[in-house]
Amino acid sequence: MNYKFKIFLISTSRAILEDVKRFIPTEEGYFDVSLISSYNSLRKFAIQNPDLAIVAISNDSDEILLETAVELFGSQTVACVDYIKSYALTVKLIKLRVLSYFSMPEESTSFSDFLKGKVEDWKKKSDIEKLLTIRREQFNFSSFIGNSEKIRDVIALVKKAIEHRDLTVLITGETGTGKNLIARIIHQNTYSDIKPFVEINCASIPPTLLESELFGHEKGAFTDAKDRKMGLFEVASGGTIFLDEIGDLDFNLQGKILKVLEDKTFRRVGGVETLKFEGRIIAATNKNLEHLVAENKFRRDLYYRLMLLPIYLPPLRERGDDIFILAEYYMNKFNELYRKNLPKLKGISPEAKALLKRYPWPGNVRELKHAIERAVILSDGEYLTPDDFKFLFEKKPASLTQQIEEASSNIQITLPFESASLKNLERELIKSVLVRVSGNKSRASKILGISRPRLDRLIQKYRINNP
Ligand SMILES: Nc1ncnc2c1ncn2[C@@H]1O[C@H](COP(=O)(O)OP(=O)(O)OP(=O)(O)O)[C@@H](O)[C@H]1O
Ligand SMILES: [Mg+2]
């Protein structure tokens with residue numbers, strides 16, 4: 001059979017995409033190169049797993065594409081070429097653990113050698129191995145670890161969801177309990193071939209933008225609508241749309257989602273045509289929807305509609321000995337990653353296990369995973385001991401939401417009376433927030449309640465130097 005080495009070249013700049021493309025060896029017949037220049041098309045392409053995704057970075061939007069590519073394909077499929085050479089970017093690349101990164105144009109020869117090496121390795125694989133990389137099953141049941149009674153109940157419900165592919169599923173549970181993982185598992189096991197899985201975080205986008213993101217818009221529907229745009233419901237048709245953090249959905253949009261749930265139809269913003277959504281909706285939240293209904297923040301009719309097949313993921317502290325199975329699973333994983341040339345860890349000492357059991361795990365499985373990772377890095381013995389977990393009981397840095405709350409409290413702006421205009425207030429407010437969040441624009445836009453692109457435009461308009 002004739003398989004091809006599938007490369008995704010990703011960057012918002014067309015010129016840079018062309019520049020990077022030059023480095024791909026030109027041997028006939030081996031390559032299938034897709035050029036991807038926006039977040040939406042990256043999401044759309046994501047259903048085809050690439051053998052290698054190369055993200056070329058020349059601005060902030062490219063960094064968002066980079067993070068998305070790592071999330072979609074896994075860090076070990078992503079390489080990066082860097083056209084801006086910033087220290088912050090290097091730190092990010094190290095944190096994301098991408099396969100390799102190259103500073104352009106200085107390291108173009110190494111980049112070219114890297115590509116040749118990847119292709120040579122790939123050629124040596126058998127057809128079956130090539131097929132496996134294309135159809136990697138990352139989200140099968142075996143990736144969901146746990147055997148406690150509560151988790152066995154969860155798995156029984158997940159199987160029901162897979163059987164009834166038309167049912168809407170609501171996944172609830174504290175942060176880090178595995179809601180995203182379960183959504184992926186349901187999707188992957190519902191369809192026998194590759195179908196789109198489209199994920200959107202309802203809390204991260206302001207309501208007006210979210211509406212056109214979900215349903216698309218017609219040309220001219222509002223000032224910025226220069227062309228017709230497909231919404232995520234259209235992109236996800238035939239597969240799954242995953243509405244994460246549905247508890248944060250704006251009241252007006254809740255009604256529109258209810259309509260899709262009820263008769264599977266919707267309209268683009270500014271459009272008259274009725275479109276059909278033929279796929280499954282999975283929703284998730286870590287909020288208590290019942291409480292939100294009681295406070296009139298969540299529509300009761302939507303709540304009932306979502307409650308047909310609710311899957312509640314219990315917190316880690318209620319999962320009995322699953323915590324040890326999970327801890328050992330992750331220990332072995334990080335053994336491979338961090339101890340390639342060192343003697344491998346053999347296990348977790350009984351004292352350390354007692355300590356893991358005692359700790360309340362507010363961040364659930366995610367927190368446990370990170371704690372094990374840290375302990376594997378710190379430890380130099382054969383077993384993980386209580387010493388390796390000391391940091392769990394030290395004062396922890398504040399969570400992101402806490403940081404945002406702290407950062408957003410008490411901002412004081414003083415303006416001279418003669419220049420007390422709204423414009424100046426806006427400029428000073430943006431400046432102060434940026435200083436508070438050390439120039440982190442994503443966080444600043446969240447605090448200011450505007451989108452990232454809008455913040456970028458205002459920064460340009462007021463010529464603000466980002467700290
Ligand atoms: N049962 C499990 N077995 C193995 N890994 C798990 C399990 N549950 C969660 N994880 C891992 O823990 C991390 C957090 O899971 P996930 O992102 O699905 O949580 P979440 O409930 O969506 O959290 P949040 O509410 O913060 O979005 C992921 O890395 C996931 O792979
Ligand atoms: Mg989640």
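What is the relative accessibility of Glu67? In this predicted model, Glu67 comes out at 35%, so it counts as partly exposed (buried is under 20% relative accessible area, exposed is over 50%, and partly exposed is in between, using a 1.4 Å probe and protein chains only).

Some housekeeping before the views: residues are numbered from 1 along each chain as its sequence is written, while chains are lettered from A and ligands numbered from 1 in the order in which they are written. Since the model is predicted, local features need pLDDT of at least 70 and side-chain atom pairs pLDDT 80 or more, whereas totals for chains, interfaces and linings use all residues, and side-chain values use heavy atoms, with hydrogens and water left out.

View 1. Glu67 sits in helix α3, residues 60-73 (helices are DSSP runs of H or I with at least four residues, strands are E runs with at least two, and both are numbered from the N terminus). Leu96 is 29 residues away from Glu67 in sequence, yet their C-alpha atoms are 7.9 Å apart in space.

**View 2. The open sheet that holds β1 to β5.** Look for five strands in the order β2-β1-β3-β4-β5, with parallel pairing (two strands pair if DSSP finds at least two bridges between them). Strands β2 (31-36) and β5 (100-103) sit at the edges, and each pairs on one side only. From neighbour to neighbour, the strands of this sheet are turned by 20 degrees on average, ignoring direction (axes are lines fitted to C-alpha atoms, for helices over the stretch in contact, and angles run from 0 to 180 degrees between N-to-C directions). Zooming in, β1 (residues 5-10) and β3 (residues 52-57) run parallel and are joined by four bridges. Leu9 faces Ile54 of β3.

**View 3. Two helices against that sheet.** Helix α1 (residues 14-21) lies across β1, β2, β3 and β4 (78-82), and runs at about 160 degrees to β2. Helix α5 (residues 108-123) packs on the sheet too, touching β1, β2, β3, β4 and β5, with its direction at about 165 degrees to that of β3.

**View 4. A second open sheet, with β13 in its order.** Here five strands line up as β7-β10-β13-β6-β14, again with parallel pairing. The edges belong to β7 (197-201) and β14 (310-313), which have a single partner strand each, so one side of each lacks a neighbour in the sheet. The twist from one strand to the next averages 15 degrees. Strand β13 (residues 280-285) pairs in the parallel sense with β6 (residues 169-173) over four bridges, and Leu170 has Ala283 of β13 as its bridge partner. Four bridges also join β13 to β10 (residues 240-244), in parallel, with Thr240 partnered by Arg280. All six residues of β13 are buried: Arg280, Ile282 and Ala284 point one way, and Ile281, Ala283 and Thr285 the other way.

**View 5. Thr190 reaching over to Arg280.** Thr190 belongs to helix α8, residues 179-190, and it is buried, with a relative accessible area of 7%. A 3.0 Å polar contact joins its side chain to that of Arg280 (a pair of N or O atoms within 3.5 Å; within protein, one must be able to donate a hydrogen and the other to accept it, and sequence-adjacent residues count only if both atoms are side-chain atoms). The Thr190 side chain also reaches the backbone oxygen of Ile186, at 2.6 Å. Not counting residues up to four places away in sequence, Thr190 touches Ile162, Arg165 and Arg280.

**View 6. Helix α19 crossing helix α20.** Helices α19 (residues 441-448) and α20 (residues 452-461) pack at about 100 degrees, their axes 9 Å apart. That makes the two roughly perpendicular (65 to 115 degrees; under 35 is roughly parallel, over 145 roughly antiparallel, and the rest oblique). Lys441, Ser442, Ala444, Ser445 and Leu448 of α19 meet Arg452, Leu455, Asp456 and Ile459 of α20. These contact residues split into four nonpolar, two polar and three charged (nonpolar: Ala, Val, Leu, Ile, Met, Phe, Trp, Tyr, Cys and Pro; charged: Asp, Glu, Lys and Arg; polar: the others, Gly among them). Buried in α19 are Lys441, Arg443, Ala444, Ser445 and Leu448. Asn440 caps the N-terminal end of α19, with a side-chain oxygen 3.1 Å from the backbone nitrogen of Ser442. Just after α19, Gly449 has a positive phi of about 70 degrees.

Key:
Contact means heavy atoms within 4.5 Å.
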